Amino acid sequence: DLLEATNGEEARKIVESYNNPIHLLLTDVVMPGISGKVLAEELVQQQSNLKVLYMSGYTKNVVANHGILDEGVIFIQKPFNAATLTQQIRAVLDG
């Protein structure tokens, strides 16, 4: 299943009502309200096998320099195409 949310609060509600394991969270780093990092940390606490792929229009260096992402996280920079997204998703799920 593919679950879609327009923001972090909506994602929280969807996860609470979804009764199956979620394998991957694709989240923007910067969102209104809750940040992608905080959302991911909360959801990983609920589902320890959850993998996370972050995306942003900011470069990885800018995002990392502002303390938004820790070193070693998997990150994809916008804009990206379907092939790049597919490769990154596979890397996250296989990692």
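**Close-up 1. The residues that line the largest pocket.** In this predicted model, the largest pocket has a lining of 26 residues, and those lying nearest its centre are Leu3, Glu4, Leu24, Leu25 and Leu26. The volume of this largest pocket comes to about 650 Å³. Sorted by class, its lining is made up of 18 nonpolar, five polar and three charged residues.

**Close-up 2. The elements around the largest pocket.** At least two residues of the lining of the largest pocket are supplied by each of helix 1 (8-17), strand 1 (24-28) and helix 2 (36-46). Strand 1 gives the most to this lining, namely five residues.

**Close-up 3. The largest nonpolar core.** In soluble globular proteins, nonpolar side chains tend to be buried together. The largest nonpolar core of this model holds 16 residues, and the ones that touch the most other members are Leu25, Val29, Leu39, Leu43, Tyr54, Leu69 and Phe75. Two or more residues of this core come from each of helix 1, helix 2 and strand 2 (51-56), and helix 2 provides the largest share, which is three residues.

**Close-up 4. Leucine 43 and its contacts.** When its neighbours within four places in sequence are left aside, leucine 43 is in contact with Val15, Leu25 and Leu50.

Conventions: Residues are numbered from 1 along each chain as its sequence is written. This is a predicted model: local features need pLDDT of at least 70, side-chain atom pairs count only at pLDDT 80 or more; totals for chains, interfaces and linings use all residues. Side-chain values use heavy atoms; hydrogens and water are left out. On a 1 Å grid over the protein atoms alone, a cavity is a set of points where a 1.4 Å probe fits but cannot get out, and a pocket is an open set with protein on both sides within 12 Å along at least five of seven lines; lining residues have an atom within 4 Å of a point. Grid points are joined across faces, edges and corners, and a volume is the space filled by probe spheres set on the points. Helices (H or I, at least four residues) and strands (E, at least two) are DSSP runs, numbered from the N terminus. Ala, Val, Leu, Ile, Met, Phe, Trp, Tyr, Cys and Pro count as nonpolar, Asp, Glu, Lys and Arg as charged, and the others, Gly among them, as polar. A nonpolar core is a set of buried Ala, Val, Leu, Ile, Met, Phe, Trp, Tyr and Cys residues joined through side-chain atoms within 4.5 Å. Buried means under 20% relative accessible area, exposed over 50%, partly exposed in between (1.4 Å probe, protein chains only). Contact means heavy atoms within 4.5 Å.
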